[in-house]
Protein chains: 6
Amino acid sequence: MFFHRQELQHKAKPDAPDAVYARKLQEVLGGQYGEITVALQYQFQGWNMHMPGKYRDLVFGIGAEEMGHVEMLAVMIAQLLEKSPLGITDEAVQKDPTVAAVIGGTDIQHGIVAGAGARPVDSMGNPWSGSYITASGNLLADFTANANAEMQGRLQVARLYHMTDDHGVRDLLGFLLARDTMHQNQWLAAAEELKAEGIEELPVPSNFPLSKEERDVSYQYLNFSDGAAASEGSWASGPTPDGKGEFTYHEGPTTTAPYPAPTHPDARFYGTTEVPNRIEKIAGAAQDMFHKE
Amino acid sequence: MFFHRQELQHKAKPDAPDAVYARKLQEVLGGQYGEITVALQYQFQGWNMHMPGKYRDLVFGIGAEEMGHVEMLAVMIAQLLEKSPLGITDEAVQKDPTVAAVIGGTDIQHGIVAGAGARPVDSMGNPWSGSYITASGNLLADFTANANAEMQGRLQVARLYHMTDDHGVRDLLGFLLARDTMHQNQWLAAAEELKAEGIEELPVPSNFPLSKEERDVSYQYLNFSDGAAASEGSWASGPTPDGKGEFTYHEGPTTTAPYPAPTHPDARFYGTTEVPNRIEKIAGAAQDMFHKE
Amino acid sequence: MFFHRQELQHKAKPDAPDAVYARKLQEVLGGQYGEITVALQYQFQGWNMHMPGKYRDLVFGIGAEEMGHVEMLAVMIAQLLEKSPLGITDEAVQKDPTVAAVIGGTDIQHGIVAGAGARPVDSMGNPWSGSYITASGNLLADFTANANAEMQGRLQVARLYHMTDDHGVRDLLGFLLARDTMHQNQWLAAAEELKAEGIEELPVPSNFPLSKEERDVSYQYLNFSDGAAASEGSWASGPTPDGKGEFTYHEGPTTTAPYPAPTHPDARFYGTTEVPNRIEKIAGAAQDMFHKE
Amino acid sequence: MFFHRQELQHKAKPDAPDAVYARKLQEVLGGQYGEITVALQYQFQGWNMHMPGKYRDLVFGIGAEEMGHVEMLAVMIAQLLEKSPLGITDEAVQKDPTVAAVIGGTDIQHGIVAGAGARPVDSMGNPWSGSYITASGNLLADFTANANAEMQGRLQVARLYHMTDDHGVRDLLGFLLARDTMHQNQWLAAAEELKAEGIEELPVPSNFPLSKEERDVSYQYLNFSDGAAASEGSWASGPTPDGKGEFTYHEGPTTTAPYPAPTHPDARFYGTTEVPNRIEKIAGAAQDMFHKE
Amino acid sequence: MFFHRQELQHKAKPDAPDAVYARKLQEVLGGQYGEITVALQYQFQGWNMHMPGKYRDLVFGIGAEEMGHVEMLAVMIAQLLEKSPLGITDEAVQKDPTVAAVIGGTDIQHGIVAGAGARPVDSMGNPWSGSYITASGNLLADFTANANAEMQGRLQVARLYHMTDDHGVRDLLGFLLARDTMHQNQWLAAAEELKAEGIEELPVPSNFPLSKEERDVSYQYLNFSDGAAASEGSWASGPTPDGKGEFTYHEGPTTTAPYPAPTHPDARFYGTTEVPNRIEKIAGAAQDMFHKE
Amino acid sequence: MFFHRQELQHKAKPDAPDAVYARKLQEVLGGQYGEITVALQYQFQGWNMHMPGKYRDLVFGIGAEEMGHVEMLAVMIAQLLEKSPLGITDEAVQKDPTVAAVIGGTDIQHGIVAGAGARPVDSMGNPWSGSYITASGNLLADFTANANAEMQGRLQVARLYHMTDDHGVRDLLGFLLARDTMHQNQWLAAAEELKAEGIEELPVPSNFPLSKEERDVSYQYLNFSDGAAASEGSWASGPTPDGKGEFTYHEGPTTTAPYPAPTHPDARFYGTTEVPNRIEKIAGAAQDMFHKE
């Protein structure tokens with residue numbers, strides 16, 4: 001169950017309206033790596049988790065916090081839009097090119113659809129999508145996904161920080177940056193803990209029998225581009241991070257197989273085939289096809 | 001530039017047709033973590049990269065290999081579909097409930113749209129989307145994204161391995177599992193190398209001035225759910241993975257702010273407001289609105 | 001069957017080109033609540049309706065009108081784009097910041113994709129989606145959906161009215177506003193008529209046996225936020241609109257249940273579990289898994 | 001801010017696994033009118049609301065409850081999937097057509113992607129989309145949207161009720177049906193209260209000056225289909241629900257306008273035009289086009 | 001303007017219910033090449049057309065017919081669903097695996113969302129999308145798009161023909177096949193007429209000055225795969241269809257350029273760069289960044 | 001298998017940065033008819049093809065080239081973005097309305113998400129979608145789709161050519177225009193060759209027995225709009241392009257059928273029906289429904 005309190009985790013009040021910046025903030029509210037994504041991602045991981053205890057408490061504990069971050073961004077966006085022209089026709093606006101320029105950069109739907117309110121979309125207006133979420137049931141994979149989400153998220157907030165001088169906005173972003181610092185650290189720590197406790201290890205999934213994979217190519221760097229410098233990396237020689245092999249380096253593939261013969265499905269799919277084969281098949285198909293009518 | 005060779009990296013020939021399994025394989029061809037995703041993700045990372053050398057060679061070297069994996073899966077799917085009934089009406093089919101069941105589980109578009117061919121979709125028929133890709137320009141973030149993609153991908157292939165007995169299919173999956181093992185290891189090694197070389201560090205992005213973030217909350221575990229076990233994890237006490245702080249644990253938030261006042265945008269957006277304010281504003285707006293007509 | 005007549009229901013001719021406004025008009029052509037939505041929504045309701053007569057005639061009668069509204073907006077948009085620069089490079093354009101600003105606010109695809117023509121998209125460029133449509137077969141629910149669609153639609157047209165001074169555009173919008181007034185009234189009247197005739201009643205669906213629902217909580221306002229004013233509304237005490245109960249007000253839930261135990265699916269899904277359980281299950285699974293190979 | 005408690009509002013435990021039914025339940029979790037939609041819709045309405053007090057408390061109070069409904073459905077789905085075959089190859093499965101049929105009807109990604117967990121998708125696998133949400137800032141419109149959402153939602157739950165015999169599932173659905181009964185009643189009451197208090201009235205938006213709309217057609221039923229029975233409805237004669245007019249009935253349109261002349265945009269868009277005009281324009285365009293190169 | 005008549009162009013009545021087939025028919029109603037696509041595509045081409053007369057009359061004349069085809073398919077689907085179990089629990093259903101299999105193959109939303117009605121989706125449940133439409137303003141390109149749409153559409157209908165024995169369904173499909181035959185012929189004739197009248201020619205767009213394109217590579221077949229047989233085609237030697245050149249054949253590219261240097265955007269985007277350059281830039285950026293705070 | 005070479009087919013270096021133009025170029029990289037579409041479309045056609053030889057070599061040979069075009073556009077876009085302001089706050093920017101205007105017209109995600117890099121999206125920010133691809137297995141249909149794709153693509157590049165004065169960009173576009181000229185010619189030649197060799201003919205699919213279609217309407221122009229000029233076209237009289245009939249012209253339909261009776265599905269779907277029928281059905285349904293509980 002979820003409970004809402006009409007307070008915010010941090011002040012979210014801009015110095016001044018800025019409809020163009022409001023649009024930009026939508027990215028970290030409703031984008032691929034925005035707060036809706038992490039809020040729902042952590043909760044789905046919790047609902048699907050296969051054991052009780054500290055890991056499940058962890059995803060629930062952070063998931064609810066992220067819902068509050070969605071809220072802070074939404075109310076910030078609404079305030080940035082509050083006094084903005086947003087396309088209302090007005091002679092002054094039309095004659096001032098800077099204002100006109102601002103209009104060009106706004107989220108049009110902020111005005112027409114939401115009446116100067118926040119929207120569940122990214123900075124280019126794409127609606128948030130459930131396909132952004134990762135919750136596989138395998139915690140080592142998912143905590144890596146979470147670490148990545150917090151890295152991408154903090155990176156985007158850092159970029160947004162430089163796109164405004166508004167002290168109120170920067171104040172909120174400074175808070176979100178700190179929480180992202182925490183969450184990056186936390187997911188990396190949690191991933192390490194899974195390994196330290198022997199619950200999961202590399203490669204993911206660790207309990208799939210390695211004997212079933214084609215071990216000959218498990219640690220080969222196969223170079224399909226012509227840049228030779230890739231051979232200089234730690235991924236081209238030396239021990240592998242999973243502790244189970246040694247990297248080697250090869251130009252191009254080490255294995256090859258001839259191209260399989262083209263398929264010849266039922267002629268009634270009307271795929272194009274070589275003539276003789278085609279006619280023969282059609283004849284047979286036609287029989288099947290007509291005898292029952 | 002890309003060059004194609006009419007060979008495969010590994011044999012991709014099933015023992016027998018299986019249209020239901022063909023649909024399942026679509027997940028790792030055209031799903032969120034399928035081969036199209038990694039092929040294009042690594043290439044976009046290369047095209048956007050801000051330095052030459054081993055890291056760029058790395059993403060190009062693997063990106064082209066992944067395009068070849070898309071191909072192996074596509075030709076495998078086409079062969080799995082080759083002799084399948086795929087919904088063609090036939091009395092025997094209609095009377096055999098197992099065959100009828102098979103039809104129920106197929107990708108309908110494999111037959112109607114592709115004529116027994118592979119499609120750029122996932123196992124539920126959702127078309128592949130550009131929004132699956134991550135290429136931020138920050139390599140530590142992106143290599144973490146790549147490691148996650150390879151973990152999720154290998155996990156899905158491992159699950160698919162158990163959903164068939166076909167030796168030809170399992171043979172191909174065993175090869176893909178091995179390559180995913182390699183790629184997990186490689187991206188983790190590359191992420192470590194970025195840190196070892198001092199190019200990037202944690203938290204991402206590492207050169208954003210930490211003094212600008214609200215450091216008071218940078219290492220606090222704030223528990224917004226009521227599961228107390230989260231306090232037992234390595235994310236709740238001790239040094240942080242970025243080497244710059246100490247974790248602490250708190251029930252609920254350590255900061256709070258009152259809810260901001262509701263916004264009152266231009267009355268011509270026709271948002272609902274308290275009555276007196278509303279009437280006053282409408283009067284003013286009406287004047288603006290009418291004087292120019 | 002549908003027949004087209006090369007006339008419009010109302011004049012649709014702008015005074016002057018305005019490519020930025022053309023983009024804004026796309027919202028009511030191809031947005032969530034645009035004319036394509038209502039045109040197809042009413043028609044699907046007609047095709048799926050389970051009885052002949054006045055209600056079916058109603059949805060067909062209005063559905064075809066709405067197709068004509070799509071047309072009026074499309075030709076209006078094409079004319080607004082006709083003489084606009086739309087990004088064609090021209091020295092004058094580049095040097096005049098107001099014109100430059102205009103370019104920033106246009107739908108880029110109006111020029112590149114449609115050659116100065118209308119598009120089946122909303123004002124942010126999202127393609128129209130079949131998921132905008134509601135046609136459930138239950139007319140009380142669907143007429144409420146229709147009333148909502150006409151309210152949202154008229155609201156958006158009203159906002160758009162203030163975003164231009166063009167008399168030709170405002171003339172058309174004044175016509176659409178009037179038709180939306182009609183359609184709001186009509187769907188509300190139709191919903192009432194369904195109830196007056198005893199065909200449907202509240203709650204929807206009315207013939208699901210109420211004894212099957214958990215009647216204890218059917219009229220309780222449960223407050224999951226901490227705003228106490230919700231207790232003052234007509235939804236917190238007094239008779240309910242369906243005439244079958246009395247509202248009551250409660251802080252938080254009136255019922256609760258312990259969290260169910262975590263699931264433990266087949267180990268071959270490689271979900272993360274507690275260690276002992278995991279090992280035991282893997283052992284068993286491995287047996288299953290290997291004996292057939 | 002949001003807080004999570006590891007309890008459920010109602011017991012959510014099925015009698016037996018049923019992977020096909022788990023897929024069906026996804027509709028009311030992640031579909032157009034599922035619980036994610038209402039949870040986020042009410043919260044966005046709150047974040048964007050232009051006045052404090054009972055209406056804002058109302059949307060926050062219910063919004064948080066709906067997040068808890070998402071949770072109940074998610075844990076129910078995970079349990080329905082727990083012991084299901086989900087496509088794992090097994091001889092018994094292959095030989096039992098009922099089990100084979102079950103596999104045909106499952107959400108393939110439940111197994112491959114989520115490892116027997118819930119997903120943020122609908123029953124056909126479409127990811128949840130931000131475009132499902134309505135939050136316009138106009139409360140009379142939005143509460144009508146909310147009433148519709150609860151009607152569609154209760155209708156879908158009622159249909160799902162008959163698609164299972166599982167007592168645990170039916171028990172949960174009986175609870176959700178009751179809450180939907182409450183929420184239908186509540187939004188209808190809230191919409192009436194807005195009108196009773198004089199805050200909003202019909203047509204939405206009520207404070208747009210009616211004199212600006214083309215009042216001649218504001219209450220005309222215009223019949224664009226040939227079903228004559230539509231003239232018998234209460235929408236074809238008598239007073240209108242907004243109390244501001246009288247319905248009238250007409251076959252076809254009462255207004256008409258000639259089709260506007262085709263547009264002739266800049267020739268450099270290469271649209272097809274009549275020959276003479278085209279050549280002339282190309283000549284001019286060519287001059288513009290070439291003189292600067 | 002559009003007018004609807006409550007008649008169909010052809011009888012649309014199945015012999016018997018078939019919910020699985022109803023799902024398959026959705027492909028040609030709401031798929032990429034379904035009737036909604038062509039209906040709206042031709043109308044958008046008409047609304048955007050830059051000249052009056054026979055070509056515009058043509059797209060309007062066919063566009064309205066296609067709306068009637070959408071209708072025929074929708075009522076057919078509703079009838080196929082009318083008596084189908086669609087997942088309603090019933091002991092007989094549960095025990096009969098053939099019926100169970102049927103349930104596995106249905107569109108789940110046909111039951112839960114539409115109450116046994118048609119939906120604006122394809123056979124895999126993807127909602128129809130505005131991105132399926134092509135209306136560029138260039139008629140030679142668009143008529144080629146139309147010819148393709150009718151080819152893909154007729155191909156899909158032909159495949160569907162073999163997936164049922166129902167005489168009523170086949171009767172309707174036989175009618176649609178004939179209309180697709182007509183429409184393929186018509187668009188090919190119209191494309192030829194554009195060329196015969198000198199309005200358009202190849203390559204599209206024909207009035208872009210050929211001197212501006214890199215004519216050296218305008219007729220070269222460049223082979224980027226290793227299949228040598230492509231040299232045998234009519235596209236590898238001889239005159240070109242546009243009448244303006246001669247095909248030639250080459251292995252691989254005939255031109256090449258070195259890879260451009262990596263970009264170095266503003267350091268405040270936090271992209272990863274070589275170390276020395278990075279530090280230098282950050283220093284500069286930091287100055288800019290801090291002096292104004 | 002695919003191999004990558006770190007060279008480009010043509011120089012891709014702009015004279016100067018231009019972030020607005022970078023956004024426009026995204027259309028031909030990641031739009032409906034962009035290079036990702038043709039690259040993957042031709043490869044899927046190859047993977048699904050039912051015969052070896054020249055046609056398969058053709059699609060593979062061109063498909064790989066198109067991947068290289070994606071690359072050229074991506075690196076061009078990254079360079080156009082390299083020195084652009086992209087929204088970074090800077091006093092000069094804020095005060096210069098031309099620069100402000102530029103910001104309004106950029107792809108916001110170029111900065112926030114990609115750090116001044118290219119993205120897999122179109123010019124309005126819609127992510128590339130697998131639904132853009134056509135690969136049906138029928139080569140005459142698919143080569144027509146390919147010809148259309150190259151026409152639309154060349155048309156868009158031609159429009160883009162006029163939207164910039166940058167010599168580096170125009171140089172690349174001049175190269176792409178030439179390749180599109182080649183590819184239009186090639187697909188048209190290949191379609192003709194299929195017919196010349198007797199492999200396919202019109203109408204597509206040509207081996208569906210024409211006796212099964214309703215031949216009476218196979219060559220009738222049926223005019224559903226009121227524009228009479230359509231009767232003047234070559235599609236209204238004379239021989240048909242498939243060589244199998246004569247066009248005729250008719251006002252409106254030549255066939256008609258009464259509207260089918262409304263459906264009456266199981267009452268437990270709660271669709272709205274006429275009252276007496278409804279009550280009767282509910283009674284029966286209720287019995288079914290309750291006896292088993």
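1. Strands, in the sense used here, are DSSP runs of E of at least two residues, numbered from the N terminus. In this predicted model, Asn223(A) belongs to strand β3 of chain A, which covers residues 220-223.

2. The relative accessibility of Asn223(A) is 2%, so the residue counts as buried, the cut-off being under 20%. Two polar contacts or approaches of its side chain may be noted. A polar atom of the Asn223(A) side chain lies 3.0 Å from the backbone oxygen of Ser225(A), and the side chain also makes a polar contact with that of Glu251(A), at 3.3 Å.

3. Which residues does Asn223(A) touch, leaving aside those up to four places away in sequence? Within chain A they are Tyr249(A), His250(A), Glu251(A) and Gly252(A). From chain B, Asp57(B) and Gly61(B) are also touched.

4. The interface of chains F and E involves 113 residues of chain F and 114 residues of chain E. Between them the two chains bury about 9,500 Å², with 61% of this area on carbon and sulfur atoms. On the side of chain F, the residues losing the most area to chain E are Trp235(F), Tyr259(F) and Phe269(F), which together account for 8% of what that side buries.

5. As to polar interactions, chains F and E share 57 residue pairs in polar contact, both residues being at pLDDT 80 or more. The elements of chain F that each supply at least two residues to the side touching chain E are β2 (7-8), α3 (54-82), α7 (139-161), α8 (167-196), β3 (220-223) and β6 (257-258). By class, that side of chain F comprises 55 nonpolar, 35 polar and 23 charged residues.

6. Two salt bridges are counted between chain F and chain E. One of them joins Arg154(E) to Glu213(F), with the closest N and O atoms 2.6 Å apart. Strand pairing also links these chains: β6 of chain E (residues 257-258) pairs with β2(F) in the antiparallel sense over two bridges. Within β2(F), Glu7(F) is the bridge partner of Pro258(E).

7. For chains C and F, the contact draws on 51 residues of chain C and 42 residues of chain F. The buried area is about 3,800 Å², and carbon and sulfur atoms give 57% of it. The count of salt bridges between chain C and chain F is zero, while 15 residue pairs are in polar contact, both residues being at pLDDT 80 or more.

8. On the side of chain C that touches chain F, β1 (2-4), α3 (54-82), α5 (97-104), α6 (108-112) and α7 (139-161) each supply at least two residues. The most comes from α5(C), with five residues. This side of chain C consists of 27 nonpolar, 17 polar and seven charged residues.

Key:
Residues are numbered from 1 along each chain as its sequence is written. Chains are lettered from A and ligands numbered from 1 in the order in which they are written. This is a predicted model: local features need pLDDT of at least 70, side-chain atom pairs count only at pLDDT 80 or more; totals for chains, interfaces and linings use all residues. Side-chain values use heavy atoms; hydrogens and water are left out. Helices (H or I, at least four residues) and strands (E, at least two) are DSSP runs, numbered from the N terminus. Buried means under 20% relative accessible area, exposed over 50%, partly exposed in between (1.4 Å probe, protein chains only). A polar contact is a pair of N or O atoms within 3.5 Å; within protein, one must be able to donate a hydrogen and the other to accept it, and residues adjacent in sequence count only if both atoms are side-chain atoms. Contact means heavy atoms within 4.5 Å. Buried area is the accessible area (1.4 Å probe) that two parts lose on being put together, summed over both. A salt bridge is a side-chain nitrogen of Lys or Arg within 4 Å of a carboxyl oxygen of Asp or Glu. Ala, Val, Leu, Ile, Met, Phe, Trp, Tyr, Cys and Pro count as nonpolar, Asp, Glu, Lys and Arg as charged, and the others, Gly among them, as polar. Two strands pair if DSSP finds at least two bridges between them.
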